[in-house]
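Subject: Structure handover and notes

Dear colleague,

I am passing on the structure below, followed by notes on what turned up in it. Please read them alongside the coordinates.

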Amino acid sequence: VEKEIASSRRAFILGIPTAISFGIVSVGNQYGSMFELMDSETISQSIARSPGQVESYAKIMAELAHTIHSITVEENEFPSIKERLLKYVDGGLSLEDEELAKKCTQMIENLPSCNTLLHGDFHTGNVFLQKGEPLLIDMDRISHGHAIGEISDLYYFYVILGEENPSVIEKFMGFSYETAKKFFEYFLKYYLATENKAKINEVKEKASILCYVRLINKLHKKGTPTEPEKKQIGQHIEKITSLLEKYDTLEF
C-alpha cells in the first residue's frame, strides 16, 4: 500500500493525471490507500453505457497513453518492464519449451533500454472521466521501458483473454467481447496515428507473442496444468513458434 501511494504521488508530480492520495486506512487486519472522492464513472462504465461511442473513448485512451509515454524517468526510479515480462517466460514457457523460452527471453532483453514511463495496468477500468478529463488509478505497477509492454497488456485484456472464452472479458470490462475488440483496433489506430493495416497488424502480432507467453504463465501459476490446460498451452506454443518465424524483434 505504501508503495502504491508513493508511486501515485510521484506519478502526479511527473505529470500523469491521477487521483490525489491522502494516506493509508485500515479495516480490521486489512490495509488500503485512501484517495480523493471522484464523482464520476470509469471509461469501462461509459463504454458499457454507450458502446456506439467506443471509438471516441479509444481515442481518449490513446491520447492518455501518449501523455504517459512522453514522460521519461530515472533508470532506477521504477522497475523495468523487462523484469515482469521475463517472469512470465520463466514462470511458464521455460517449463514447457526451453529453446523457445530462450528465444523469447532474448527478444525481451534486446528491447531498447529506454526510460519511457509505463503505467503497467493500463485499461479502461483504471481510468475515470471527471468533467471530461481522464484520471488514472492503480499505480502500483508503474515501470519504465519500451511501449510494447503496455500495448501487449492492452491486447491481453481486450482480445487474447477472450479467445477461449469471451465471457471472461465481458465480466472484466463490463461490455461485449466484440466491443472490446473494436476498442483495441481503434486504440491502436490512434496510438500509432495510422490506418495502415500492415503496420497495425505487425504491432498486434508482436504484442501477441508476449500475450501468449503470459497466458502460459497464468496456467502454470494455478498449479500443475490439467489435460485441457496442457492442450491450451500447446496451442499457445504453436502460435508463439509461428510468430517467431516471422519476427526477430519486438520493437515497432
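In which loop is Asp 138 found? Asp 138 sits in the loop between β6 (133–136) and β7 (143–144), where helices (H or I, at least four residues) and strands (E, at least two) are DSSP runs, numbered from the N terminus.

Before going further, please note that this is a predicted model, in which local features need pLDDT of at least 70 and side-chain atom pairs count only at pLDDT 80 or more, while totals for chains, interfaces and linings use all residues. Residues are numbered from 1 along each chain as its sequence is written, and side-chain values use heavy atoms, with hydrogens and water left out.

Asp 138 is not a glycine, yet its phi is positive, at about 55°; with 29% relative accessibility it counts as partly exposed (buried means under 20% relative accessible area, exposed over 50%, partly exposed in between, with a 1.4 Å probe and protein chains only). Ala 193, also not a glycine, has a positive phi of about 55°, lies in the loop between α8 (177–192) and α9, and is exposed at 68% relative accessibility.

Helix α9 itself covers residues 197–221, and its end C-alpha atoms are 35 Å apart, which agrees with the 36 Å that its 25 residues should span at 1.5 Å a residue (the expected span is 1.5 Å times one less than the number of residues). At the start of α9, a side-chain oxygen of Asn 196 comes to within 2.9 Å of the backbone nitrogen of Ala 198. Of the 25 residues of α9, 18 are buried, so that the helix is mostly covered, and α9 is followed by Gly 223, with a positive phi near 125°.

Salt bridges

A search of the whole structure finds 14 salt bridges, each defined as a side-chain nitrogen of Lys or Arg within 4 Å of a carboxyl oxygen of Asp or Glu. One of them joins Glu 55 to Lys 189, with the closest N and O atoms 3.1 Å apart; since Glu 55 lies in helix α3 (residues 54–69) and Lys 189 in helix α8, this pair ties together parts that are 134 residues apart in sequence. Glu 55 is partly exposed, at 27% relative accessible area.

Asp 153 and Arg 84 form another salt bridge, with the closest N and O atoms 2.8 Å apart. The former lies in helix α6 (residues 148–158) and the latter in helix α4 (residues 81–96), so the pair ties together parts 69 residues apart in sequence.

Lys 239 is partly exposed at 34% relative accessibility, and Glu 163 is partly exposed with a relative accessible area of 39%.

Surface

Ile 13 lies in helix α1 and is exposed at 61% relative accessibility. Helix α1 (2–14) and strand β1 (21–27) each supply at least two residues of a nonpolar patch.

Kind regards

Technical notes: A polar contact is a pair of N or O atoms within 3.5 Å; within protein, one must be able to donate a hydrogen and the other to accept it, and residues adjacent in sequence count only if both atoms are side-chain atoms.
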